[in-house]
Amino acid sequence: MSIVSRGFEGKRRASEPDLPPGQYLTTDFPVLSAGPTPRVPLDRWSFTIADEFGQKKSWDWTEFRALPAEDFTVDIHCVTKWSKLGTGWRGVSLDVLFEDIESAADYTMVHSVGGYTTNVALDDLLDGKSWIAFEFEGEDLDPEHGGPARLVVPHLYFWKSAKWVSGIRMMHADEPGFWEDAGYHMYGEPWREQRYHGD
Ligand SMILES: Nc1nc2c(c(=O)[nH]1)N[C@H]1C(S)=C(S)[C@@H](COP(=O)(O)O)O[C@H]1N2
Ligand SMILES: [Mo]
């Protein structure tokens with residue numbers, strides 16, 4: 001009996017990838033949206049970064065797609081406990097978008113078409129940590145998953161990865177976005193299981 005159970009445990013450990021605490025593996029791609037899916041025509045699409053003085057820099061779709069883009073493969077972790085490993089995306093690094101932004105503010109509010117917001121510290125957007133993605137697994141990003149373009153911040157719970165992203169506003173102090181205001185964690189790090197306020 002004990003030999004059998006040891007063998008079983010050993011096999012489980014060898015075949016299960018390392019996931020953050022409390023997460024399970026999924027191979028499909030669930031859709032999680034707090035409202036209806038907005039349809040954003042490309043000729044009306046724009047992305048704007050506003051600094052703490054209200055100074056703005058904007059890109060239309062043509063300008064955005066002319067920026068250097070890169071393929072990236074990342075693991076994503078939703079606070080509802082599914083994780084998906086090795087997802088393939090194409091997008092523009094936030095390092096590229098922030099190249100000419102002069103700001104002394106440490107925090108940002110990410111805004112989406114439809115009113116969704118989420119707070120992300122500037123440090124968590126830069127140095128290769130996030131992208132505005134427009135392709136998923138080699139195809140244009142589905143509207144349900146945030147197309148034409150969404151933020152992807154894979155090292156934080158996936159609610160921080162704002163779909164239909166429209167802009168980023170710099171802030172001197174951290175402020176809660178949509179889910180953070182509803183009791184979710186201000187930072188949201190999966191490996192530290194920061195799901196809810198107080199975790
Ligand atoms: N604009 C917007 N972005 C959003 C959401 C949303 O409701 N609206 N949901 C968030 C949550 S809770 C998750 S888990 C992921 C889900 O992305 P998916 O639908 O592509 O799986 O998007 C995040 N980004
Ligand atoms: Mo989520």
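The model is predicted: local features need pLDDT of at least 70, side-chain atom pairs count only at pLDDT 80 or more, and totals for chains, interfaces and linings use all residues. Residues are numbered from 1 along each chain as its sequence is written, chains are lettered from A and ligands numbered from 1 in the order written, and side-chain values use heavy atoms, with hydrogens and water left out.

Start at ligand 1. It is surrounded by 20 residues, where near means a heavy atom within 4 Å. The closest are P30, A34, H145, R150 and K163. By class, this shell holds 13 nonpolar, 4 polar and 3 charged residues. Here Ala, Val, Leu, Ile, Met, Phe, Trp, Tyr, Cys and Pro count as nonpolar, Asp, Glu, Lys and Arg as charged, and the others, Gly among them, as polar.

Now the polar contacts, pairs of N or O atoms within 3.5 Å. A backbone N or O atom of P30 sits 2.6 Å from an oxygen atom of ligand 1. For A34, a backbone N or O atom is also 2.6 Å from a ligand 1 oxygen. S161 places a polar backbone atom 3.1 Å from a nitrogen atom of ligand 1. On its own, ligand 1 has 530 Å² of accessible area, and the protein covers 97% of that (Shrake-Rupley method, 1.4 Å probe).

Next, the space itself. Ligand 1 takes up the largest pocket; to sit there, more than half of its atoms must lie within 2 Å of the grid points. A pocket is an open set of points on a 1 Å grid over the protein atoms alone, where a 1.4 Å probe fits, with protein on both sides within 12 Å along at least five of seven lines. Its volume is about 560 Å³, the space filled by probe spheres set on the points. The lining counts 27 residues, and L32, S33, A34, Y116 and W179 lie nearest the centre; lining residues have an atom within 4 Å of a point. They divide into 18 nonpolar, 7 polar and 2 charged.

Finally, the backbone. A cis peptide bond joins G147 and P148, with omega about 15 degrees.

Key. A polar contact is a pair of N or O atoms within 3.5 Å; within protein, one must be able to donate a hydrogen and the other to accept it, and residues adjacent in sequence count only if both atoms are side-chain atoms.
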